[in-house]
Amino acid sequence: MFSDNKKPRPMNEFGGQPNRIEKNTKIKGDITSEADFRIDGKLEGNVTTSGKVVIGKDGYINGKVECVNADIEGRFNGELMVKDLLSLKSSATIEGTVSVAKLAVEPGATFNAACTMGKGAVSAPKMQPTKKDEPAKAS
């Protein structure tokens with residue numbers, strides 16, 4: 001598998017290669033996978049994976065994404081549900097609704113979304129808004 005002088009590299013059960021939608025490719029439809037996914041083209045539809053979703057700088061998704069981790073450099077519009085870490089690079093543009101456990105945002109990223117955060121955010125029910133003219137309460 002690896003020689004004594006090389007460190008093992010992390011691999012998923014599908015040979016370590018993510019699924020890819022290349023630049024200048026447009027897809028309409030839903031994708032379900034157990035492996036990581038990288039989008040450098042355009043996808044109109046939903047992505048469900050037990051791995052990581054990466055939207056490259058030229059990538060665009062319009063739809064619903066459910067994944068464990070996500071790195072976004074490109075554009076996303078829709079519903080984004082990330083069970084662990086969502087990382088937005090400086091070139092990212094996000095619109096829609098986001099549910100995430102952890103969020104990392106580089107300066108320059110555009111984040112125009114309703115966001116629910118926390119360990120149970122992905123499966124948590126929607127929170128009630130505070131009443132007008134009432135101070136917010138920390139729990």
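A salt bridge is a side-chain nitrogen of Lys or Arg within 4 Å of a carboxyl oxygen of Asp or Glu. Behind that term sits a simple idea: side chains of opposite charge can pair when their charged atoms come close. This is a predicted model, where local features need pLDDT of at least 70, side-chain atom pairs count only at pLDDT 80 or more, and totals for chains, interfaces and linings use all residues. Residues are numbered from 1 along each chain as its sequence is written, and side-chain values use heavy atoms, with hydrogens and water left out.

First, a word on confidence. The pLDDT (the predictor's confidence in each residue, from 0 to 100) averages 82 over the chain, and 73% of the residues score at least 70. Residues 123-131 fall below 50, and this stretch has zero contacts in the model (heavy atoms within 4.5 Å) beyond near neighbours in sequence. Where pLDDT is low, the predicted coordinates should not be read in detail.

Now for the charged pairs. The whole structure holds seven salt bridges. In one of them, the side chains of arginine 20 and aspartate 40 meet at 3.2 Å, N to O. That pair links distant parts of the chain, 20 residues apart: arginine 20 lies in strand 1, and aspartate 40 in the loop between strand 4 (37-39) and strand 5 (42-44). Strands here are DSSP runs (E, at least two residues), as helices are (H or I, at least four), numbered from the N terminus. Arginine 20 is partly exposed because its relative accessibility is 45%, while aspartate 40 is buried at 11%; buried means under 20% relative accessible area, exposed over 50%, and partly exposed in between (1.4 Å probe, protein chains only).

Another bridge joins aspartate 58 and lysine 23 at 3.3 Å, N to O. Here, too, distant parts of the chain are linked: aspartate 58 is in the loop between strand 7 (52-55) and strand 8 (60-67), and lysine 23 is in the loop between strand 1 and strand 2, 35 residues apart. Glutamate 66 pairs with lysine 64, their closest N and O atoms being 3.9 Å apart. Shared partners also tie Arg20, Glu22, Arg38 and Asp40 into one salt-bridge network.

What about the loop between strand 1 and strand 2? Glutamate 22 sits there, and leaving aside neighbours within four places in sequence, glutamate 22 is in contact with Asp40 and Gly41. Asparagine 24 is in that loop as well, and counts as exposed because its relative accessible area is 77%.
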